[in-house]
Amino acid sequence: MSKICQITGKKALVGNNVSHSNRKTKRRFEVNLFTKKFFWPEEGCWIVLKVSAAGLRLINKIGLDAAVRQAANNGYLSEIKVK
């Protein structure tokens, strides 16, 4: 699975490394991803999500159920692993 946050949809960006002599070479700015296990009380099960740091803050702010439903509506959540 690719490095995409399942809650916010963040993915890697492309930019340049710029040396002291101002040479530019391509590089990738990767997302700060975690594989995290959450207990989903509304469904009564554990789920495993690949979540960025911003996704963790969003889950803390609006709750897991609202964040999962919002991600599903936006098309970021392809599949949920239920444990």
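The axes of H1 and H2 come within 7 Å of each other and cross at roughly 125 degrees. On the H1 side, the contact is made by Leu58, Ile59 and Ile62. On the H2 side, Leu64, Ala66, Ala67 and Gln70 make the contact. All of this comes from a predicted model.

Next, the sheet. Three strands form an open sheet in the order S3-S4-S5, with antiparallel pairing. S3 and S5 are the edge strands, and each pairs on one side only. Helix H1, residues 53–62, packs on this sheet and touches S3 and S4. The direction of H1 makes about 135 degrees with that of S4. Helix H2 lies across S3 and S4 as well, and runs at about 120 degrees to S3. As background, strands of a sheet pair through backbone hydrogen bonds, either parallel or antiparallel.

Now take the pairings one by one. Leucine 33 stands opposite serine 52 of S4. The two strands form a hairpin, with 4 residues between them. Glycine 44 sits in that turn and has a positive phi of about 70 degrees. The pairing of S4 with S5, residues 81–82, is also antiparallel and runs over 2 bridges. Here isoleucine 47 has valine 82 of S5 as its bridge partner.

How many residues of S4 are buried? The count is 6 of 8, so strand S4, residues 45–52, is mostly covered. Serine 52 belongs to this strand. Its relative accessibility is 3%, so serine 52 counts as buried. Which residues surround serine 52, leaving aside its neighbours within four places in sequence? Serine 52 is in contact with Cys5, Thr8, Lys10, Val31, Asn32, Leu33 and Phe34. Leu33 in that list is the residue that stands opposite serine 52 in the strand pairing.

Is aspartate 65 buried or exposed? Aspartate 65 is buried, because its relative accessible area of 18% lies under the 20% cut-off. Not counting residues up to four places away in sequence, aspartate 65 touches Trp40 and Glu42.

Glutamate 79 and leucine 49 are 30 residues apart in sequence. In space, their C-alpha atoms are 9.0 Å apart.

Another strand pair is made by S1 and S2. The two run antiparallel and are joined by 6 bridges. Asparagine 17 stands opposite threonine 25 in S2. S1 and S2 make a hairpin, with 5 residues between the strands. Asparagine 22 is found in the loop between S1, residues 13–18, and S2, residues 24–29. Its phi is near 70 degrees, a positive value in a residue other than glycine. How accessible is asparagine 22, and what class does that give? Asparagine 22 has 48% relative accessibility, so this residue counts as partly exposed.

The charged end of arginine 27 sits over the ring of phenylalanine 29, 3.9 Å from the ring centre. Lysine 37 lies over the face of tryptophan 46, at 5.3 Å from the ring centre. As for ring against ring, the structure holds 1 aromatic pair.

Technical notes: Residues numbered from 1 in each chain as written. Predicted model: local features only at pLDDT ≥ 70, side-chain atom pairs only at ≥ 80, totals over all residues. Heavy atoms only, no water. Buried < 20%, exposed > 50% of the residue type's maximum accessible area, 1.4 Å probe, protein only. Pairing = 2+ DSSP bridges. Contact = heavy atoms within 4.5 Å. Axes fitted to C-alpha atoms, helices over the stretch in contact; angles between N-to-C directions. Phe/Tyr/Trp six-rings, centres within 6.5 Å; stacked < 30°, edge-to-face > 60°. Lys NZ or Arg CZ within 6 Å of the ring centre and 35° of its normal.
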